[in-house]
Amino acid sequence: AEIAVIGLGYIGLPTAIMFANAGFRVIGYEIREKVVEKINSGKAHIIEPEIDELLRKAIESGNLKATSNPEEIREKDVYIICVQTPLKEDKTPNLSYLESAVETVAKAMKKGSLIIIESTVPPLTTVKMAELIEAITGLKPGEDFYMVHAPERVMPGRIFKELIYNSRIFGGITPESAELAEKLYRSFVKGQTFKTNSTVSEVVKLMENTFRDVNIALANEFAFLAHQYGINVFEAIELANTHPRVKIHVPGIGVGGHCLPKDPHLLVWPAKEDFGLIKLAREINDSMPLFTKDLLFEALRTINLPPEEAVVVILGLAYKGNSDDTRNSPAFAFMDAINEEVKEVRTYDPFVKGTHESIEDAVKGADAIVIATDHTAFKSLDWEELGKLMRNRILIDGRHIVEDPPKGFIFKGLGRGEY
Ligand code: SAJ
């Protein structure tokens, strides 16, 4: 079978490489011409373990080629769509990338093509996209072409391992569609594979990330309560988690990344009604940077320093520990919340370019440090030494990095109501 992969980003490029190295002839379609050139010269535009050698192998074998020319993806047997489905300003899904990818496919495909959507989409979208193809081509869904939602489930940093070993769901608009997709992916997937219909698979993907988001919101609400009762929520969570059926998540300054802040909105968006829990969880998680701001401003009050005179250092810009990815990072939401009100905001993140070169440089003459990312390296910092460089010594921990409050500091930890 000849395969066209539409969208060569974090998911599309690794998927194209896997199929090419499994022996298929693969053409990757990508509108960014610079990206196409780079890939064709054997270089990846994303950072991911193993990607450089696997891409080189795929290009050298002649099985993988990238293009921006829609003529080159005509009449393929299989189309795999891997484009982003972000939110608009008003938190409703922006399906324009998906729709334009589906239109491109509709114009290029032939009778009998199999179309697979890997993008995370609101429930019922795959069926609607099949109707869109029917409207453009006149071909009957399930009879003249096959269509499947096959959600990606990989974690950046482990993509090539997870592509092989994670289990996969194939949601077909017809059982035959799911069957064909499963057979195709079996060429490299060693995890379990499951077949269902496309709406179930859309909901499964969204439930996974919503489960995590709602659980984190619950942990964040516990943290909020801990401040009112004067206890350390992390001690309480550790003890509660000794119960065999309790597994409370980790509270913190917020929930970032390209999936968790978005997917719960996609899950409820097409519904006529819902109970409100999922949206409330989103609001709670989105409010955590503001809660962290309250902790900072409380600390500034205790030393009688007006916010407009304060120099604040944010430690960590990445959305999660040991990563350089800053998409939807709560560190930025926190920065936006204080930017106008304080004298100066500085940033330091060893993984993120454009921040201060060294932590010493960042904290020199500053009044407060706010920890926004759980990088492992932050756990071994010598706070008392850093404190010597500061004008005032306030430490706000938004990620439970600091075990014991350092001497000479005004310390406030998110969820640490005890101090
Ligand atoms: N976070 C907390 N408390 C926790 C866990 C996470 O505050 O207990 C925060 C993190 O700091 C981060 C955010 O949540 O800001 C999201 O991080 P994450 O590690 O939960 O997830 P992602 O976005 O890196 O990847 C998720 C994964 N989904 C699940 O674990 C259910 C991954 O398997 C998916 O493939 C990915 O979303 C995706 O692409 O959908």
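Buried area is the accessible area, taken with a 1.4 Å probe, that two parts lose on being put together, summed over both. The model is predicted, so local features need pLDDT of at least 70 and side-chain atom pairs count only at pLDDT 80 or more, while totals for chains, interfaces and linings use all residues. Residues are numbered from 1 along each chain as its sequence is written, and side-chain values use heavy atoms, without hydrogens and water.

**View 1. Two domains of the chain.** Domain 1 covers 2-198 and domain 2 covers 207-222 + 232-419, with bounds from an automatic or database domain assignment. Their C-alpha centres are 35 Å apart.

**View 2. Interface of domain 1 and domain 2.** About 1,200 Å² is buried between the two domains, and carbon and sulfur atoms give 65% of this area. In contact (heavy atoms within 4.5 Å) are 16 residues of domain 1 and 14 residues of domain 2.

**View 3. Salt bridges across the interface.** The rule (a side-chain nitrogen of Lys or Arg within 4 Å of a carboxyl oxygen of Asp or Glu) finds 2 salt bridges between domain 1 and domain 2. R153 and E208 form a salt bridge through their side chains, at 2.5 Å from N to O.

**View 4. Cysteines C82 and C259.** The structure has 0 disulfides (pairs of cysteine sulfur atoms within 2.5 Å). The closest cysteine sulfur to that of C82 belongs to C259 and is 13 Å away, too far for a bond.
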